[in-house]
Amino acid sequence: MIKLSIIIVNYRTPGMVIDCLRTIYARTGTLPFEVIVVDNASGDGSEEKIRSVFSSVRWIQMGYNSGFARANNEGIRQSAGELVLLINSDTLVEDRAIEGCYREFADSAYVACGVQLINPDRTPQISGSYFVRGGLNYLLPLPYLGALVKLAGQMMRAKVPNVPDARSLVEVDWINGAFLMVNRDAIELAGLMDEDFFLYAEEIEWCSRLRRLGKLALYGQYRVVHIQGATTNDSFGSSGKGYYNLYDRKGLQIMLSNFVRIRKQYGVGWFLLQLFFYIVEIPVFGIGVLVLRLGGRKGSGHSFGQFRGYCRNVAFVVGKSATIVRNKPYFYKVL
């Protein structure tokens, strides 16, 4: 009997999938599991390359670039395990992290769990976070106003919205989708991931529904290397890591997805309030860059190129705002 279904979404990363699978098979012990790779129409021979090394992998072909939510949903629909693990192709499993996480989770009352993700240099990544009213922490990436929001939060002694480095069990509100293990019973009650999302923020919205059913946990004693951004940067022509990028096409997808998530999770009012701050940031951003330029500090702060990219991205979101407010089915895909 299959205890765990491991689902990996592939889009033109066969080498990473093979490296990931090597660590999964070598470091998961005797746990009965299946691996499902869902391919987003890579068109690069990914199936042949991966299955020539791991013939037992189940292969699902989406037929188009469906993104993260839709591909994982199809994998979940066709899976057989009691628990489901969504894991990125750009991860490397360490020290039986999957098996240990499974055994802790299976014996618990939690509805979903994750592990501590780390960078290749062993520094920790944000792996779990807490919800902030109205999603106001999404104002933090703003180039200038974000610093004021952070200062205001510190003065008010607001709770830090994330877990910087978990070393043991920590309860959280949402878990990074690079490694997210979920109870199948909880999935049946909460529903699958929202297929309006293409990339980014879909796991946050999903966890908000899972959280209504029970608690989520990070098992910080287990570690998985995550080569953050490796699976999307080439597609978007971007080089940045993390989610503070607001300036290029990847930044547009991040921005758009987060606004969609805020609308779905918190409602129209919070969506419009945050959009207002993003619009107000435009003149503040422009003045800030101009002051730096006039002061001869071209190598510090932000550039006019980033300012133009930010303006384009905000304008795009404004153009989609009526669709976002209506909250009808729509595929928010930029790529």
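**Helix packing and charged pairs**

Modeller: The axes of helix H10 (residues 268-294) and helix H11 (residues 304-326) come within 10 Å and cross at roughly 165°. Axes here are lines fitted to C-alpha atoms, for helices over the stretch in contact, with angles from 0 to 180 degrees between N-to-C directions. Helices (H or I, at least four residues) and strands (E, at least two) are DSSP runs, numbered from the N terminus.

Colleague: Which way does H10 run relative to H11?

Modeller: That crossing makes H10 roughly antiparallel to H11. The cut-offs are under 35 degrees for roughly parallel, over 145 for roughly antiparallel, 65 to 115 for roughly perpendicular, and oblique for the rest.

Colleague: What is the handedness of the H10 and H11 crossing, and which residues make up the contact?

Modeller: The H10 and H11 crossing is left-handed, that is, the near helix is turned anticlockwise from the far one by less than a right angle. The contact residues divide into 19 nonpolar, three polar and two charged. Ala, Val, Leu, Ile, Met, Phe, Trp, Tyr, Cys and Pro count as nonpolar, Asp, Glu, Lys and Arg as charged, and the others, Gly among them, as polar.

Colleague: Before the pairs, what are the ground rules?

Modeller: This is a predicted model, where local features need pLDDT of at least 70 and side-chain atom pairs count only at pLDDT 80 or more, while totals for chains, interfaces and linings use all residues. Residues are numbered from 1 along each chain as its sequence is written, and side-chain values use heavy atoms, with hydrogens and water left out.

Colleague: Fine. How many salt bridges are there in the whole structure?

Modeller: A search finds 16 salt bridges, each being a side-chain nitrogen of Lys or Arg within 4 Å of a carboxyl oxygen of Asp or Glu. Glutamate 34 and arginine 58 form one of them, with the closest N and O atoms 3.1 Å apart. The pair links distant parts of the chain, 24 residues apart: glutamate 34 is in strand S2 (residues 33-39) and arginine 58 in strand S3 (residues 58-61).

Colleague: What about arginine 51 and glutamate 47?

Modeller: Their side chains meet in a salt bridge at 3.2 Å, N to O. Both are in helix H2 (residues 46-51), four residues apart, so about one helical turn separates them. Arginine 51 is partly exposed at 33%, and glutamate 47 is partly exposed at 29%.

Colleague: And where do glutamate 94 and arginine 122 sit?

Modeller: Glutamate 94 forms a salt bridge with arginine 122, the closest N and O atoms being 2.5 Å apart. Glutamate 94 lies in the loop between strand S5 (91-93) and helix H4 (97-106), and arginine 122 in the loop between strand S6 (112-118) and strand S7 (128-129), so the pair ties together parts 28 residues apart in sequence. Glutamate 94 is buried at 14%, while arginine 122 is partly exposed at 47%.

Colleague: Now the backbone. What is phi at aspartate 95?

Modeller: Aspartate 95 has a positive phi of about 45° although it is not a glycine. Aspartate 95 is in the loop between S5 and H4 and is exposed, at 66%. Asparagine 327 also has a positive phi, near 60°; asparagine 327 lies in the segment after H11 and is partly exposed at 32%.

Notes:
Buried means under 20% relative accessible area, exposed over 50%, partly exposed in between (1.4 Å probe, protein chains only).
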